[in-house]
Amino acid sequence: MSASAPPPLHGPAFDADPHPAYRWLREHSPVHRMELPGGAWAWLVTRHEDARAVLADPDMLKDPARGNEVWRGARMGLPFDHRPSLVRSMVNVDGDDHTRLRKVAGGAFTPRRVRTLVESAERVTAGLLDRIAASSEADLVRDRPSPLPIAIICDILGVPPEDRAEFHRRAAVIDASAPEEIAAIGTTTDWFDDYLGRLVDARLAEPADDLLGDLVEAHRSGHLTRDEVTSTAFLLLVAGHETTVALLGNLFLSLLRAPEHLERLRRDRDLVGPAIEETLRLESPLQNATWRFPRTATTVGGVALEAGEPVLVSLLAAGRDPERYDDPDVFDPERGESHLGFGHGAHYCVGAQLARMEARVAVNAVLDRLPGLRLAAPEEDLRWWPSMIMHGLFALPVRFDTP
Ligand code: HEM
């Protein structure tokens, strides 16, 4: 890649392997003015130190109303970004409102509550592996342990069993956000808007001991508006589903690329946790953190930014910054380094402990149940989501030995 021409930041080559482009940006344009569809543009931050500073900065606002006119005019957010019943959640607000919303939802993710979900995660995973293990091949992304994250979110929210298949099918459309599916997002969003509203009505009529029940209680006592209740439920679905699926796919791929690691993990399960952390650094499931807008004129990495100019922090690029990590492109489960894969600062991922638990359960089950695991397609044939947000595989075909 030449030193003068910025590399393309979209298209099949970038989706398949974005790392060379990010390397170029870290070296030549670490706070890069990136063109976006619809005439908009954004600052893309790729160095670890700058990324961490932006994420920690309370003057980098999350409220989309703080974005400048060009950004708002290009309607860069997804189609649901303009619905109060789906967007009044912690990820789109700042300051006291953020603290209030985060506190109510955070109760669902304490280590104690997460422990109570382990049993449910193990049961769902065992059922899936019963199905998978009966064959000698599978797709670890599509047949995946994938129903696992959505099943857990349904448990947390209290979605009744009879609605779960439909909930799952609709959630896949929202999360995919591949260009060809954008049209379907509108109608699917209508469905969630309506469905979550009905769940809230049910909790208002009859209180329940689940997160939605807690949120509805907070509404009854005046701490949350009704829009904030439905928006929080919707956020958990959007934030906690495909991210966890992508983490699992990216982790299995890292292990299949280096079978010696797979065997080491099979023998030494204490390495499963560190391998999950290493995947969050090396193949961060979220390519970029969510939009931020400076409250006032500021500088990032020596570059001047005006108030309201949109900023994206590349978690994927920051995770491979050689200024921060030795041999940054190497997967080393024993590295023991922190990372930005769950973000940093006030908006640090609420579901981090839950995602770690789900990944541990899924990886251990696959190691237990699928001996001789190997890729069933050349790595260059694997397809990645064409997305500015996600960094995850469409499919991960594998073979394994049957007893
Ligand atoms: C491997 C899986 C996951 C990854 C990689 C991930 C990553 C992240 C990141 C990077 C952020 C910060 C975004 C920013 O500052 O712009 C975030 C925020 C958030 N995540 Fe996760 N997440 C995962 C799983 C989950 C799960 C399972 C849930 C809940 C069910 C969840 C709920 C949230 C919420 C609610 C926020 C917003 C927090 C706030 O704004 O204060 N995440 N996540």
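This is a predicted model: local features need pLDDT of at least 70, side-chain atom pairs count only at pLDDT 80 or more; totals for chains, interfaces and linings use all residues.
Let me begin with an open sheet of three strands, whose order is S4-S10-S9 and whose pairing is antiparallel. Strand S4 (137–139) and strand S9 (374–375) stand at its edges with a single partner strand each, so one side of each is left without a neighbour in the sheet. Strands here, like helices, are DSSP runs numbered from the N terminus, with at least two residues (E) for a strand and at least four (H or I) for a helix, and two strands pair if DSSP finds at least two bridges between them. S9 and strand S10 (residues 397–399) run antiparallel and are joined by two bridges, and Arg374 has Arg399 in S10 as its bridge partner.

Residues are numbered from 1 along each chain as its sequence is written, and side-chain values use heavy atoms, with hydrogens and water left out.

His32 has Leu44 in S2 as its bridge partner, and among the five residues between the strands, Gly38 takes a positive phi near 80 degrees.

Now to the ligand, which is surrounded by 29 residues, the closest being His98, Thr290, Arg292, His347 and Cys349; a residue counts as near if one of its heavy atoms lies within 4 Å. Which residue is the only protein donor of the iron atom of the ligand? That is Cys349, through SG at 2.3 Å, where donors are N, O and S atoms within 2.8 Å of the metal (3.2 Å for Na, K and Ca), and water is not among the atoms, so sites may look incomplete. Cys349 is placed in the loop between helix H16 (315–318) and H17.

Turning to polar contacts, meaning pairs of N or O atoms within 3.5 Å, an oxygen atom of the ligand is 2.7 Å from an N or O atom in the side chain of Arg292, and an oxygen atom of the ligand is 2.8 Å from one in the side chain of Arg102. On the backbone side, a polar atom of Ala239 is 3.5 Å from a nitrogen atom of the ligand.

The shell around the ligand draws at least two residues from each of helix H6 (95–106), helix H12 (226–240), helix H13 (242–257) and helix H17 (352–369), and H12 gives the most, with four residues. By class, this shell has 18 nonpolar, nine polar and two charged residues, where Ala, Val, Leu, Ile, Met, Phe, Trp, Tyr, Cys and Pro count as nonpolar, Asp, Glu, Lys and Arg as charged, and the others, Gly among them, as polar.

Conventions: A polar contact is a pair of N or O atoms within 3.5 Å; within protein, one must be able to donate a hydrogen and the other to accept it, and residues adjacent in sequence count only if both atoms are side-chain atoms.
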